[in-house]
There are 2 protein chains.
Amino acid sequence: MGRRKVSNPLALAVLALLNERPMHPYEMSSTLRERHKEESIKLNYGSLYTVVEALVRAGFIVAARTVRDGRRPERTIYELTEPGRVELYDWMAELVGTPAKEYTRFDAALSLLPVLAPGDAVRLLADRRLRLTAEVEAGHAARTLAEREGLPRLFALEHEYQAALRQAELDYVERLLAEISARTLDGIELWELFHADPDDPEASRDAVTAVQRELARGRWAGMRAILLREMGAHVPGGHPRPGAGSCPPATRSPSDPHRPEDPR
Amino acid sequence: MGRRKVSNPLALAVLALLNERPMHPYEMSSTLRERHKEESIKLNYGSLYTVVEALVRAGFIVAARTVRDGRRPERTIYELTEPGRVELYDWMAELVGTPAKEYTRFDAALSLLPVLAPGDAVRLLADRRLRLTAEVEAGHAARTLAEREGLPRLFALEHEYQAALRQAELDYVERLLAEISARTLDGIELWELFHADPDDPEASRDAVTAVQRELARGRWAGMRAILLREMGAHVPGGHPRPGAGSCPPATRSPSDPHRPEDPR
DNA sequence: CTCCGGATACTCGGCTGCGAGTAATTGGGG
DNA sequence: CCCCAATTACTCGCAGCCGAGTATCCGGAG
């Protein structure tokens, strides 16, 4: 568990629902679904029952009673306790008041983007742009529909927010795409060189001189050590400062056999 | 596991590193750290070794050899296999090309925002704005520093992206804050009424008439059923359409004892 | 009256993720 | 030359998460 005794966001939803009225787990799940909350809070049965049990253990909710309809399986109805109510408010306060670091997949992908060849990156980013555009439009449509049905914005804030983020992502992808295509992105020569055909002697020579020019300008101190290993060359002047390095791109094409590790 | 045989993004980082050159796990972790990739790819030792083992099982990497320095524990050096290289490219293509749904905590919090009283929400959102502003500034400073050190933007794309998203979040929070404060947010009267003192007879009367006015306008069809249960009143005209509902706010103040469940 | 699809209401086993714990080694200050 | 802190390099066990599976019931078509 993290700081909270029960850290799954689904638990927060359970607390919020039980703050409305007592319920049994399946009703929680169907209510969340009905209200489209499963779009912002990941819901699945396994987790739901695990989380309910954990909340009971933590004393945030209690089984109020069990009912049975005909020969259906018994349903246990839970209700919020006073500590549970406190936890609900405290947790909400934390989530709303303090931005938290989130690890998204696109972050991961961007941080490793240099492993792809620039051309591939452009194609794929264009793909993403297309799909994002479609999502943005779908979002507009959904909001229009909801408005027509009279759903006040208050109850769809999370979708508004998601729409804003998607738009920002789209904008960023478009900027990036433009800069790569126009070859104005700082570092693109290095990127291209790292993906140049290693059997082409001219490209290899270019790579070495380009890298040396970069280093002569004192650019990217942390890269020095990495480049030394990568290129088997020796560049004088200074040791790598810790914390100055970043992602070195992939240097080998798939067909290129790996070279032996650098001596230590 | 998801679609991938190994789905942890850390596995992607491992593949990317081994695409550069063979390494042992600890070196992977220190390299990721050195390059600041732990800021966009969650890294911890437990997961790293689990993931490496899983990649071996999947045939994406193999133990090339083991070395021992003096009396240190043996280090196993891994290298990428051809299927591993394919997986790396395929996975990157998926991540870059296709936007994926992410569940963030703030999404969850926003989707449950009505459980907080409007006043509390305003205070907390103002808090968030403050911290976000600080983060945005820290981001600028970091970029300036990196620039001075000569780190090409290409190797800090993920930070650029995160900065763009943070800015978008800040903008959204400011819009929302303004709208709540100015009471122009659609649905705010309902929100206030749901948090009105239930012992104040005037407020309660207001609540009923407000809700009935909403319903008379045909607003928020899906809310109908919820309100019926919540208020114990009966409003004629139509059953709730599935998929039209959203989040009903909390109706009880913490001191208010719960009422018995509605009869079925 | 009977069949079938969809809703209801969970259960279960396995795997992943995590972070605290461990233990040896190196380096630098006194 | 010795000691302590930091670094190197993992190990371990448990909790949580997941999603496929199960079993029952209801309502409408034929």
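Analyst: A search over all chains finds 6 aromatic pairs in the whole structure. This is a predicted model, in which local features need pLDDT of at least 70, side-chain atom pairs count only at pLDDT 80 or more, and totals for chains, interfaces and linings use all residues. Residues are numbered from 1 along each chain as its sequence is written, chains are lettered from A and ligands numbered from 1 in the order in which they are written, and side-chain values use heavy atoms, with hydrogens and water left out.

User: What makes the rings of A:Phe106 and B:Tyr161 a pair, and what kind of pair is it?

Analyst: Rings of Phe, Tyr and Trp (its six-membered ring) pair if their centres lie within 6.5 Å; planes under 30 degrees apart count as stacked, over 60 as edge-to-face and the rest as tilted. Here the centres are 5.0 Å apart and the planes stand at 85 degrees, so the pair is edge-to-face. A:Phe106 belongs to helix α5 (residues 105–111) of chain A and B:Tyr161 to helix α7 (residues 157–181) of chain B, so the pair joins two chains. Helices (H or I, at least four residues) and strands (E, at least two) are DSSP runs, numbered from the N terminus. A:Phe106, B:Tyr161 and A:Tyr172 form one aromatic cluster.

User: Is A:Phe106 buried or exposed, and how do you know?

Analyst: Buried means under 20% relative accessible area, exposed over 50%, and partly exposed in between (1.4 Å probe, protein chains only). A:Phe106 has 3%, so it counts as buried. B:Tyr161, at 4%, is buried as well.

User: Why is the pair of B:Tyr26 and B:Tyr45 given the name it has?

Analyst: The ring centres of B:Tyr26 and B:Tyr45 are 6.1 Å apart and the planes are at 10 degrees, so this pair is stacked. B:Tyr26 is in helix α2 (residues 25–34) of chain B and B:Tyr45 in helix α3 (residues 45–58) of chain B, so the pair ties together parts 19 residues apart in sequence. B:Tyr26 has 45% relative accessibility and therefore counts as partly exposed; B:Tyr45, at 37%, is also partly exposed.

User: What makes A:Glu87 and A:Arg4 a salt bridge?

Analyst: A salt bridge is a side-chain nitrogen of Lys or Arg within 4 Å of a carboxyl oxygen of Asp or Glu. The closest N and O atoms of A:Glu87 and A:Arg4 are 3.4 Å apart, which meets the cut-off. The pair links distant parts of the chain, 83 residues apart: A:Glu87 is in helix α4 (residues 82–97) of chain A, and A:Arg4 in the segment before α1 (9–20) of chain A. A:Glu87 is buried at 11% relative accessibility, and A:Arg4 is buried at 8%. The structure holds 36 salt bridges over all chains.

User: Where do A:Glu102 and B:Arg105 lie in their chains?

Analyst: This pair crosses between chains: A:Glu102 is in the loop between α4 and α5 of chain A, and B:Arg105 is in helix α5 (residues 105–111) of chain B. Their closest N and O atoms are 4.0 Å apart, and they form a salt bridge. A:Glu102 is partly exposed at 25% relative accessibility, and B:Arg105 is partly exposed at 38%.

User: How far apart are B:Asp120 and B:Arg123 in helix α6 of chain B?

Analyst: B:Asp120 and B:Arg123 are 3 residues apart, so about one helical turn separates them. They form a salt bridge, with the closest N and O atoms 2.8 Å apart. B:Asp120 is partly exposed at 31% relative accessibility, whereas B:Arg123 is exposed at 54%.
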